[in-house]
Amino acid sequence: LLRQITALKQKQELLHKGPFLASQRALESLQAAEDARLEGSVAFRGDESGISRERLEHIQCVLRNPRKVPSHLDAAKWMDIFRSQPWLVQQDVDEQKRKELYDQKLAKLKQMAAIVENKREDLARDAARLERLEKKMADHEQLRDSEDADVTEEQRADARNYVATNSGVLDDKRADFHRRKESLEKLEKQLADYQALLEEEDREATERLESARLAKAEFEEREGAEEDARAAELQTKKKALVKELGEVDLQIVQHEDEGLATDELETKKSELEEAIAKVDTELRQMRERAERRAQLAQFNEGELEREKAAKAKKALQEKLRADKKAEIMDRMRRKQQAAEEQREKDEVEAQKRREVEAEKQAASGLAKMGLVDPSLRKKEHGPKAAAKKAQRLYNSVVHGVPDKKAEQQETSNMTQSIMRRQKMKMGTCSALRKIAFTVGKEETDQFQRQQDELAEHSLPHLLRVKKTVGLHEMVVIWYEPSSDQDEF
């Protein structure tokens, strides 16, 4: 039992010492932190080591950084600051920064406009070239399909060769023209949006400056009216003070004559003179402010007129510059168009020379094969030719006589095919511009419908490779040919 009582007592002492020591340490740390805060915030004046007991009561505790006590409002100083309008200075600084940014955006807009104008001119030239090529193609197709007796077989063959050679070129040029037209439309839309944004920004800035100018003018007018009323009051007050000063002077003279004391009257006279001097100072300051307001109003009016004249001059210069540029571009366009027409004529003549050379080579090849160019044979037209053709057809069907004309026609077709291939070798070459892949029958059929729809509208489209690839699923290769060497 004694051992249990001893253990219980030891446990009680341990429990008592543990929280007591923890609380003691926490309190000491809190006191140290508070002392450090107070030492950083306050100072003790007169606290020196070794001072006597009588001097302890003179120790003072003061803040190291005392709070600033705001001073009383001075109406005159406040009005001076208010009249100077310091916010207008900051507004002018902000407006100058905005003007610099606006000038940079305007330069970017002019650059974009120049790019769009160049692309528009290039597209117009390409449209003219494409129109001329389409007209030539239509003329050759009409000549190829013509049934006029005046059109020879050689002319029809040349037309067929021209259509076969340039049909792919025409499709490529159409596709390229539509692509460039879409790109130009996107650029024009971007330019229009950017220009509208700048116009809106300039309109807001103009309205803001105009409202600030009107507010400033209204403030000056209101302040002028108030100062005029104040000046009238001061004039009335000055008259009263001057009158009172005259009466005091008269009383001083009377007291001097009577031998009485004049100290009070002299003091009153000094006060009246100081009051009159203050009134005169205030009136002078009002007159100076009124003169400054008049000068500022005159300057603002002149600045507004100068700004309008500068804007009108700038607009006239830009108009003259634009007209001059349009005239130069029109002259260059006409010169370039004439050069292109001459180049096309030279190209046609060169093509004709190449065709003649190809015909000679084809005729030489046919001669080696024992064949004759059908274009050199005599053409038969008219009723006699029709009657002979009908007779040959009758003999072939009724009597079984072989038609030599049909054999000659087959030989002629074979010869024309050889000649067309020889002539096509002299034309332009084409290469791949784009490649695409489709996987599966559903995706391939959908892609095929899209390309067929684009082809119906003469838009850029892809062609399908006949053979498919893929081990477990159908993979189709699509390609888009192009005659533009920049896209190879």
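## Buried charges, cores and an open sheet

D126 counts as buried at 18% relative accessibility, where buried means under 20% relative accessible area, exposed over 50% and partly exposed in between, for a 1.4 Å probe and protein chains only. The model is predicted, so local features are reported only at pLDDT of at least 70 and side-chain atom pairs only at pLDDT 80 or more, whereas totals for chains, interfaces and linings use all residues. Residues are numbered from 1 along each chain as its sequence is written, and side-chain values rest on heavy atoms, with hydrogens and water left out.

**Salt bridges**

D126 forms a salt bridge with R180, a term that requires a side-chain nitrogen of Lys or Arg within 4 Å of a carboxyl oxygen of Asp or Glu. This pair links distant parts of the chain, since R180 belongs to helix α4 and D126 to helix α3, 54 residues apart; helices here are DSSP runs of H or I with at least four residues, and strands are runs of E with at least two, numbered from the N terminus. R180 is partly exposed, with a relative accessible area of 33%.

R179, also in helix α4, pairs with E480 of strand β5 (residues 475-482), 301 residues apart. Here R179 is partly exposed at 21% relative accessibility, whereas E480 is buried, with a relative accessible area of 4%. Salt bridges with shared partners also join E95, R98 and R208 into one network. Within it, R98 and E95 both lie in helix α3, three residues apart, about one turn of the helix; R98 is buried at 14%, and E95 is likewise buried at 14%. The count of salt bridges by this rule comes to 26, and the pairs described above are listed below.

| Salt bridge | Closest N and O atoms |
|---|---|
| R180 and D126 | 2.1 Å |
| R98 and E95 | 3.0 Å |
| R179 and E480 | 3.1 Å |

**Nonpolar cores**

A nonpolar core is a set of buried Ala, Val, Leu, Ile, Met, Phe, Trp, Tyr and Cys residues joined through side-chain atoms within 4.5 Å. The largest has 16 residues, and those with the most contacts inside it are L109, L170, L191, Y194 and L198. Helices α3 (86-144) and α4 (153-258) each supply at least two residues of this core. When neighbours within four places in sequence are set aside, L109 is in contact (heavy atoms within 4.5 Å) with L191, Y194, Q195 and L198. A second, separate core of eleven residues includes L241, L272, V279 and M286.

**The sheet and its helix**

Three strands form an open antiparallel sheet in the order β3-β5-β4, where two strands pair if DSSP finds at least two bridges between them. Strands β3 (431-439) and β4 (463-464) stand at the edges with a single partner strand each, so one side of each is left without a neighbour in the sheet. The antiparallel pairing of β3 and β5 runs over eight bridges, and T438 has V476 in β5 as its bridge partner. Helix α8 (residues 441-456) packs on the sheet and touches β3, β4 and β5, its direction making about 140 degrees with that of β3; the axes are lines fitted to C-alpha atoms, for helices over the stretch in contact, and angles run from 0 to 180 degrees between N-to-C directions.

**A residue of helix α5**

M329 lies in helix α5 (residues 263-369) and is partly exposed, with a relative accessible area of 21%. The C-alpha atoms of M329 and E121 are separated by 9.2 Å, although these residues are 208 residues apart along the chain.
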